[in-house]
Amino acid sequence: MSKYPFSEIEKRWQRFWDENNTFRVTEDPSVPPEKRRYVLDMFPYPSAAGLHVGHPEGYTATDIYCRFLRMRGYAVLHPMGFDSFGLPAETYAIQTGTHPRTTTEANITRFREQIKSLGFSYDWEREVSTHDPDYYRWTQWIFLRLWEKGLAYVDEVPVWYCEALGTVLANEEVISTPDGPRSERGNHPVERRPVRQWMLRITAYADRLLEGLERLDWPESIKTMQRNWIGRSEGAQVRFPLADGSGEIEVFTTRPDTLFGATYMVLAPEHPLVDRLTTNENRAAVEEYRTKAKLKSDMERTELSREKTGVFTGGYAVNPVNDEQIPVWISDYVLVSYGTGAIMAVPGHDERDFEFAQAFGLPIVRVVAPVDTPDPTAALTEAMPEPGIAVNSGPFDGLQTDEFKQRIIAWMEERGKGTRAVNYKLRDWIFSRQRYWGEPVPMIDCGGEFVPVPDADLPVRLPEVENYKPSGTGESPLAQVDEWLYTECPDGSGRKAKRETNTMPQWAGSCWYYLRFLDPGNDREPAAREKIDYWMPVDLYVGGTEHAVLHLLYARFWHKVLYDIGVVNTDEPFTRLVNQGMILGEGGVKMSKSLGNVINPDDIVAEFGADSMRMYEMFMGPLEIAKPWSTNGLAGVHRFLDRVYRLSERTVVDDAPPGELVRLLHKTIKKVTEDTDSLAFNTAIAQMMIFVNELFKVETHHRALWEPFVLLLSPYAPHLGEELWTKLGHEPSVSSVDWPVYDPALTIDEEVTIVLQVNGKVRSRIRATAGSSPEDLERLAREDARIREWTDQKEVVKVISVPDKLVNIVVR
RNA sequence: GCGAGAGUGGCGGAAUUGGUAGACGCGCCAGAUUUAGGAUCUGGUGCCUUCGGGCGUAAGGGUUCAAGUCCCUUCUCUCGCACCA
């Protein structure tokens, strides 16, 4: 389609960059700290499908920004690597017998080639892959530090287990069917079964993870999502003695002021006290309910069944504030995983409890009344969760909700009936998987006691296995590798011991990769402190919203722990975060294999070139928003680059260029500089197009116009940039040339258009010298023939004259 | 349901502190080139019009000389969370 030989140009410069290590960066102490930048992309999982068009979007944005920063004299750290542990490679291994390492490394090779084909300026000497033993050695090392700090522990956690597949399944691998939950693969029945898991005590950092958000330059929506995920709520822990004196039920409530309205209690079906509370005549019903709840998937328990269900246990508890006996029920609207797994039900002031009480005919008592009409006897036709004035609450009647909360907590604390408490939705992180393709947890089971593998013995390498099928017992395939499994206890006792067979989840490697980029070859520590001090924290982190919560929260958690033990210099890793918007298919629908509208970057590079691909993705719209792909739009950008190339074939002359074009050049430098700096690439490109359109109209090709333009273009279309720069007789690389500067005086027009309005409507336009006084403009406006037609015979009430903008004459 | 964000031509999208709405690109139209390809160049292109002008930034109201921009009400869409006591 075009004359411009992009294919040849792009290959040539990619080879040049590779051979010359153009983008290698070192820790040069002469660069002052304010001239250093760490710009990070979220590294990809090297899937078998290869790069999709979403990857180059964020990568191009950071690449343009990095090239821009370098030309402005910054030392820029800009690395790339691979998040290479993960389930797909293991699933493929189970199906084909191919080692996950083999597929993973082949995929990495392909990804690296694809990424390089787009001309990104990474320092490839810093590349890391999380599945590399030299890398995961330090992932294991960090795990041991977590263990030492008491942040790693073992617990039994109910997870989906499939008897037929002999393996543990993730939530998304379980589907709900009329016959109960089934495995997505094979449609076998599955059930929840407690499995021994390694846990990380992220909840210990909940408050710091919350507070840290305040200081971050992140999108507000992401911060909100993290806050909601952590879900801090303040209230009280209250003890309700069992009526038979055999124990007590502890509940968490944010509304201790409604204690007098607690007319029954509800336990989660899985709550350990259910057995003890259940009377013989209720046992059958309770057991049946519990069995059904066990089979419901999370989805069913939340989305599908809005209608409240439950069973009475037959047992009673005593309300600690008024000594009334209240019945204890079980229901799946109470979650075992939140709070204590039990609630006091206040149907008068909680919508869920109200619904439940109505369904089962339980008493509803008003204990809060609206402030303006505090009638204690007014009936409740629906729950009233809003604060108000206490009623029917004995000695506390008349108190406002907030004050009541404080008073009742103090009252309970004095009597040992309850305490002030804070609860989080955030739960401890299940940090193990019963899988092969992950970092082995570096612990050794010495007869029921876990002993850490000594640092010197790291990494605990993945052994070669014969097959990748699950063990059949729910354990990892590693449990079948006897020569790896059995070892000596590292405590010096010499007793026989077994290695931990669980591996870490995929999140582990990505929790700290940004640190390894600082010092990828270090065999004494994750990264040298001086390198951390030189570059950290990350100044700009760009990636998709899909990692808004988990990856970013886990990485922040690890970073804070590393900060606490003195490994890193700040307690937050990523100063500024930008989320790129999703690229949709043509027509605004999602890109998906099933719709057949997936765009393959390789095809685009082959047909239009990497520079066109890069520039088009930046020209589509603002980086942060979702936007649909358009091959016509891509062709438009390609056409622009083709025009640039054809301009470059004109003979350059050293004559002084016309003043108008010099002004346009300076305006262009200003616009491109400011927009690139603020990541507004779409408008920067628009300005370059305007400039080129104008250059195209004049015959003479002025060096003084063309050279600065080539520099402006070079971060966007780096291959073409290098080509044109050398064509102008310069040595490569253009990437180390100084960014052009503009003269502010030349960015302002000498003559401007002034809009003349009558009563706010545009009636005429005149040209005037820039900076003309309001008085002069008003005079010119009144002299204007068109304006006089509109103002004749009218009374001028007011004249607004804004320099360089408009004159508005208000008439009556 | 709750939270966040967004509604501008046929389409993607531009519009400092309120001051020419629709930059730039796509598409479309016309002309020029006579061109083996999704070519190139120039110009035009919000809607209506009795050619004076009128109307236009989701809808309605308000503030102002002036509103895409500020305020109120409503609607729609996208994303996230979703019985969290």
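Is Arg196 buried, partly exposed or exposed, at 31% relative accessibility? Arg196 counts as partly exposed, where buried means under 20% relative accessible area, exposed means over 50%, and partly exposed lies in between, with a 1.4 Å probe and protein chains only.

Before I continue, colleagues, a word on the basis of these values. This is a predicted model, in which local features need pLDDT of at least 70 and side-chain atom pairs count only at pLDDT 80 or more, while totals for chains, interfaces and linings use all residues. Residues are numbered from 1 along each chain as its sequence is written, chains are lettered from A and ligands numbered from 1 in the order in which they are written, and side-chain values use heavy atoms, with hydrogens and water left out.

Let me turn to the salt bridges. The term denotes a side-chain nitrogen of Lys or Arg within 4 Å of a carboxyl oxygen of Asp or Glu. By this rule the count is 57 salt bridges. In one of them, Arg196 pairs with Glu500 at 2.9 Å, N to O. Glu500 sits in the loop between β21 (496–499) and α14 (507–510), and Arg196 in strand β7 (residues 190–200), so their pairing ties together parts 304 residues apart in sequence. Helices (H or I, at least four residues) and strands (E, at least two) are DSSP runs, numbered from the N terminus. Glu500, at 2% relative accessibility, is buried.

A second salt bridge joins Arg646 to Asp642 at 3.4 Å, N to O. Both residues belong to helix α20 (residues 631–648), 4 residues apart, or about one turn of the helix. An α-helix has 3.6 residues a turn, so residues three or four places apart point the same way. Arg646 is partly exposed at 30% relative accessibility, whereas Asp642 is buried at 7%.

Glu750 is exposed, with a relative accessible area of 55%, while Arg663 is buried at 13% relative accessibility. Elsewhere, salt bridges that share partners join Glu27, Asp123, Arg126, Asp519 and Lys531 into one network.

Next, two buried features. Asn319 lies in the loop between β11 (311–318) and β12 (325–330), and is buried with a relative accessible area of 1%. Leaving aside residues up to four places away in sequence, Asn319 touches Phe240, Leu259, Ala262 and Glu324, a contact being heavy atoms within 4.5 Å.

In helix α2 (residues 54–71), 18 of the 18 residues are buried, so this helix is largely enclosed by the rest of the structure. The end C-alpha atoms of α2 are 27 Å apart, which agrees with the 26 Å that its 18 residues should span at 1.5 Å a residue; the expected span is 1.5 Å times one less than the number of residues. Just after α2, Gly73 takes a positive phi of about 90 degrees.

Finally, which helices each supply at least two residues of the lining of the largest cavity? They are α19 (610–619) and α22 (681–697). Among the lining residues are Glu57, Met618 and Phe681, where lining means having an atom within 4 Å of a point of the cavity, itself a set of points on a 1 Å grid over the protein atoms alone where a 1.4 Å probe fits but cannot get out.

Technical notes. On a 1 Å grid over the protein atoms alone, a cavity is a set of points where a 1.4 Å probe fits but cannot get out, and a pocket is an open set with protein on both sides within 12 Å along at least five of seven lines; lining residues have an atom within 4 Å of a point.
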